[in-house]
Amino acid sequence: MDETGLARLVRQVGVEAGLRVGICDAEPFRETRSVIEERKALGLSAGLTFTYRRPGRSTDVRVHFPWARRIVVGAYPYLPEAGRPPDRRPGQGRVARFATDDHYRPLRRGLTEIAEVLRRHGRRAVVLCDDNRLVDRAAAVRAGVGWWGKNTMVLVPGFGPWTLLGSVVTDAELPVSGATARSCGRCSACLPACPTGALIAPGVMDARRCLAAILQLPGPIPRELREAVGDRVYGCDDCLEACPPGKRIESTARTERGGVDLVELLTSTDEELLARFGRFYLPGRRPAYLRRNALVALGNVGHAGHLPLVVAYTRHPDPLLRGHAAWAMAKLGGARARSRLSELASDDPSAEVRDEASAALAQLSNRPVPSGR
């Protein structure tokens, strides 16, 4: 089969798997590399790793696959299966819809089927899905699958930002797709929708303020952003929900999903949390970061009945969790919270926890709370 016929077959297989498919060359993404390096230099990456760690490698697949000639890009719309967000209620946390299940599974399956077609016809093919060896958004734009949105995501016609991206690197000299001429135009709905102002300009995100990034980063959640976390436990959908190109497919998500019982999460064992949320990115695979997020969420959406659980966390061996429990106690309030915070402020062995408790006491007393961590 010649390359034109093979490209037609690859597209057919991808479409049948539910993917939007495009093809681009495998030349380095030099502009993307420059943008990544510039934003790292400005501190906007907030220490994010993945494709930010080594931009010289993540923007050039030939570093890993010298034989690469084309990249077949697939976009999978995950929203119908992800469902609509749950109604907000006390003790209920929220997970971004891309993470309500392993929505990468059907994407990987479709990409694997494409790779198998290429191999059956004597070509090399490697699947890259959620892989730090390729900035998949840059490949998707070059392949014409979508365009760069002002929220920094790739917007796909008919799906908007509600898509997951993956690719197949191949040595087949397939005909390439043309880049789409579409853009966000004058629409900037996503920018004011960001709850922390992390979208500082069209297409520019300050990851130091992005809740989706912060909930995945190690260390404490900055105090000045904890109220903005709201009921979120993992991820944030606000700029996606504001995006007009995604409204049509958003209406197809009829089933309520993404709710997490915060008490259940905070009383589960490490093994139970990893079994249930193993698809989440947790620094060092430590469930403590999921508990950290849950404590902040419970402080925001909990009630007085949740106070005993939060107080119990102030005796946790991990100072990260004791510190966030102190903050949550101040939000829940009450004499018991004040008493326990006074003990922590004077007696906790960790200076960080003592500082958290002092700040929480100041909050209870309506005094200015120190900014920072």
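In this predicted model, Phe277 is buried, because its relative accessibility is 4% and the limit for a buried residue is under 20%. Phe277 forms an aromatic pair with Phe280. The centres of the two rings are 5.1 Å apart and the planes make an angle of 35 degrees, an arrangement classed as tilted. Phe280 also counts as buried, with a relative accessibility of 2%.

The search of the whole structure gives five aromatic pairs. A pair of aromatic rings is described by the distance of the centres and the angle of the planes. For Tyr234 and Phe280, the centres lie 4.0 Å apart and the planes stand at 5 degrees, so this pair is stacked. Tyr234 belongs to strand β10, which covers residues 232-234, whereas Phe280 is found in the loop between α13 (270-277) and α14 (288-301). The two residues are 46 apart in sequence, so their pairing ties together separate parts of the chain. Tyr234 is buried, with a relative accessible area of 4%. Phe98, Tyr234, Phe277 and Phe280 make up one aromatic cluster.

Strand β10 is also part of an open sheet of three strands, in which the order is β10-β3-β11 and the pairing is mixed. Strands β10 and β11 (259-261) are at the edges and have a single partner strand each, so one side of each is left without a neighbour in the sheet. From one strand to the next, the twist averages 45 degrees. Helix α14 packs on this sheet and touches β3 and β10. The direction of α14 makes about 165 degrees with that of β10.

Gln92 has Asp261 of β11 as its bridge partner, and Gly93 has Val260 of β11. Towards β10, strand β3 runs parallel, and two bridges join these strands. Arg94 stands opposite Arg232 of β10. In a regular strand the side chains alternate between the two faces of the sheet. In β3, Gln92 and Arg94 point one way, while Gly93 and Val95 point the other way, and all are buried.

A second open sheet is made of four strands in the order β1-β2-β7-β4, with antiparallel pairing. Its edge strands are β1 (20-25) and β4 (125-129), each of which pairs on one side only. On average, neighbouring strands of this sheet are turned by 25 degrees against each other, direction ignored. Strand β2, residues 70-77, pairs with strand β7, residues 163-170, over eight bridges in the antiparallel sense. Within this pairing, Val73 has Ser167 of β7 as its bridge partner. Helix α1, residues 3-16, lies across β1 and β2 and runs at about 145 degrees to β1. A contact between a charge and a ring involves Arg20, whose charged end sits over the ring of Phe159 at 4.8 Å from its centre.

Helix packing is illustrated by α16 and α18. Two packed helices are described by the angle between their axes and the distance between the axes. Helix α16 (residues 319-332) and helix α18 (residues 351-364) pack at about 5 degrees, with their axes 8 Å apart. Angles under 35 degrees count as roughly parallel, and α16 and α18 are therefore roughly parallel to each other. On the side of α16, the contact is made by Pro319, Arg322, Gly323, Ala326, Trp327, Ala330 and Lys331. On the side of α18, it is made by Val353, Glu356, Ala357, Ala360, Gln363 and Leu364.

Asp270 was also examined. This residue is in helix α13. Asp270 is partly exposed, because its relative accessible area is 35% and this class lies between 20% and 50%. When residues up to four places away in sequence are not counted, Asp270 touches Pro287 and Arg291. Asp270 and His324 are 54 residues apart in sequence, and the distance between their C-alpha atoms is 18 Å.

Definitions and conventions
Residues are numbered from 1 along each chain as its sequence is written. This is a predicted model: local features need pLDDT of at least 70, side-chain atom pairs count only at pLDDT 80 or more; totals for chains, interfaces and linings use all residues. Side-chain values use heavy atoms; hydrogens and water are left out. Two strands pair if DSSP finds at least two bridges between them. Axes are lines fitted to C-alpha atoms, for helices over the stretch in contact, and angles run from 0 to 180 degrees between N-to-C directions. Contact means heavy atoms within 4.5 Å. Rings of Phe, Tyr and Trp (its six-membered ring) pair if their centres lie within 6.5 Å; planes under 30 degrees apart count as stacked, over 60 as edge-to-face and the rest as tilted. Buried means under 20% relative accessible area, exposed over 50%, partly exposed in between (1.4 Å probe, protein chains only). A charge sits over a ring if NZ of Lys or CZ of Arg is within 6 Å of the ring centre and within 35 degrees of the ring normal. Angles under 35 degrees count as roughly parallel, over 145 as roughly antiparallel, 65 to 115 as roughly perpendicular and the rest as oblique.
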